[in-house]
Amino acid sequence: MTDLLRLEGLKKYFPILNAWKRRTGWLRALDDVSLTVERGEILGVVGESGCGKSTLGKTVMGIHPPTGGRIIFEGNDITDLKPHESRELRRDLQYTYQDPGASLDPRWKIGRSLDEPLVIHTDLNRAARKERVREILAAVGLPEGHLDLYPHEISGGQQRRVGLARILTLQPSLVVLDEPTSGLDVSVQATILNLFLDLQKQFDLTYVFISHDLSVVRMICDRVAVMYLGKVVELGETEAVFSSPRHPYTRSLLSAIPMIGERRITEDFWLEGEPPDPGNLPSGCRFRTRCPLAEAQCAEVSPPLVDHGSGHADACLLSERAG
Amino acid sequence: MGDELLKVTDLQVGFSTEGGLARVLDHVNFSIDTGEIVGLVGESGCGKTTLARSILGVLPKNSARIGSGEIRFQGRNLLAEDEATLATEVRGRQITFVPQDPFSSFNPVFTIGAQIEELMKWKSPAIEAGARVGRYSRTRRKEDRERVMELLRTVQLPDPAAILAKYPHEVSGGQRQRLMIAMALLPEPRLIIADEPTTALDVTIQAQILKLLRRLATDLGVSVLFTTHDLGTAYEICDRITVMYAGQEVESAPSDEFFAAPAHPYTVRLLQSLPSRDRGITGIPGSIPGLIAPPPGCRFHPRCDLATAECSATRPGITEVGANHLVRCYHPETTTEAAP
């Protein structure tokens, strides 16, 4: 398979300002993130809130200009594109927001919202645009009558379908899905996930699937990247990461998922404390303050992401011994 | 099981809306024993929050219409009591509440300490029954302060004295939820209503909070009504689980039996919707009915594979399919399907 997207040492720092707008420090939302997304795969990005997973998606999209590093999409460096150049690119690289209800204009009917991307990006005439909108609407499983409804008249699951339809009208190659199932009930979530998989086959899509829900990620992703405070701490095939996690953080994250019919986490969950303030990170490994295995060397060296063969990489100095 | 602490019988609650009366609770039966953690599970809009709020007596006065039924708490019917008695004796004293979003439940302009002190002024267990509260005497203030510090240590908050001096935005989400649990426990209640207390939290923090809630409830002998849409969290801490669908309770069973042998078709489908590797992804076709003109009889019948004519005529009564395992369905699934 070929690389569709490659990130090389991507950094995004946000300034922390005091009351007088003087910078008092940097919030390192993304710190030296390198990974690749292959054509046709679903890459899951998981982590707790504040770990930088949404910033990753938004930086790739160009919503946030990166502080350092390079983004290579389809072989071209897209890190510092001028606005008119990036407009071309937007057709191939699309992003869905966490809350589709908020990203649809409440005063526009669904039909108009779906038509707009085509007006901006294509030279199609009105009839051809209408035809395209209809095709897409059928593909995401919405009745045609919905074109004349306003966003508040449809349910959350349907709003998500509209959000997805809006992106697919342009036939992108890479879609960044930011928390696509948060706020949905399980029975609706299941139908939406099936839709993602169907559309992926139908339109030949590649997804970056950003989520905090590990059980969903396990279901649909080919590979998964686990993030903690701006760093990728583990990266590998989904099955490998879930069945034999190497990084202590991944292990604690997995042990925190409630699993029906198995040992209850309320009986043996061991991770204590909360993530440190991202504006004031500990030295060395960022997980060491909560890590049960931490040693003196963890405070000195920030462990790099090392591949131990078979594409399963982790960033822990002690992973060899622990694994 | 212990004695019955709370019993809701045939409760009917509606909300008047522009489109007519929305029948949010349709003859709901529900009970909690002393010291039991009961999960109230259902999808959004199924009425679980409305049920929790009617027990607490905080339904919006202008629009809520309580049709029939009674809520018996320690033998007294809460719906028949007058507002003043409820406010001084029950709400915040005997029954307390842990909200879904701990941030919006704190006042941002007062310190956490000031807000906890205000709570203790009115709701402290040191207040004798029937006494008029108005002055907060120095001796009681001192006693309460010790009680607060002790409980903050029990909920594993680091450095309680420093936290009391902070403002709500200065503490993290997990700590705010710990504070909320502490505040719910301070009046030494008999029942805590926890309305989706971990939905806004990350999984690792959720695991810590669930562990804490479970331990405290067992140690202090408090009953917990735990509403959630997540069957996984319900599995973690509940002794018994009640499932609601579109304003009707459909099944109630002890936790182990609930997951091993669900009887109601809706419960079975709901469990199958959970992501799992060996089964793939299955949803429930159709969508939740509107509550203004809900389907007659069992409200699940339009989406149910097993539905027959009688399902749409009258609502099935309660049948007991196992020990303490109640189901309201004409066609309960008796074949024990393998649970996930």
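1. Contact here means heavy atoms within 4.5 Å. With that in hand, leaving aside its neighbours within four places in sequence, Lys53(A) is in contact with Val45(A), Val46(A), Gly47(A), Glu48(A), Glu179(A), Ile210(A), Ser211(A), His212(A) and Met227(A).

2. A word on the ground rules: this is a predicted model, where local features need pLDDT of at least 70 and side-chain atom pairs count only at pLDDT 80 or more, while totals for chains, interfaces and linings use all residues. Residues are numbered from 1 along each chain as its sequence is written, chains are lettered from A in the order in which they are written, and side-chain values use heavy atoms, with hydrogens and water left out.

3. Back to Lys53(A), which is buried at a relative accessible area of 6% (buried means under 20%, with a 1.4 Å probe and protein chains only). Lys53(A) sits in helix H1 of chain A, residues 53-61 (helices are DSSP runs of H or I, at least four residues, numbered from the N terminus).

4. Now the interface. In chain B, 39 residues are in contact with 35 residues of chain A. Between them, the two chains bury about 3,200 Å², with 57% of it on carbon and sulfur atoms (buried area is the accessible area, 1.4 Å probe, that two parts lose on being put together, summed over both).

5. Which helices of chain B each supply at least two residues of the side that touches chain A? They are H6 (173-185), H7 (203-220), H8 (231-237), H9 (255-260) and H10 (265-272). H7(B) gives the most, with nine residues.

Notes: Buried means under 20% relative accessible area, exposed over 50%, partly exposed in between (1.4 Å probe, protein chains only).
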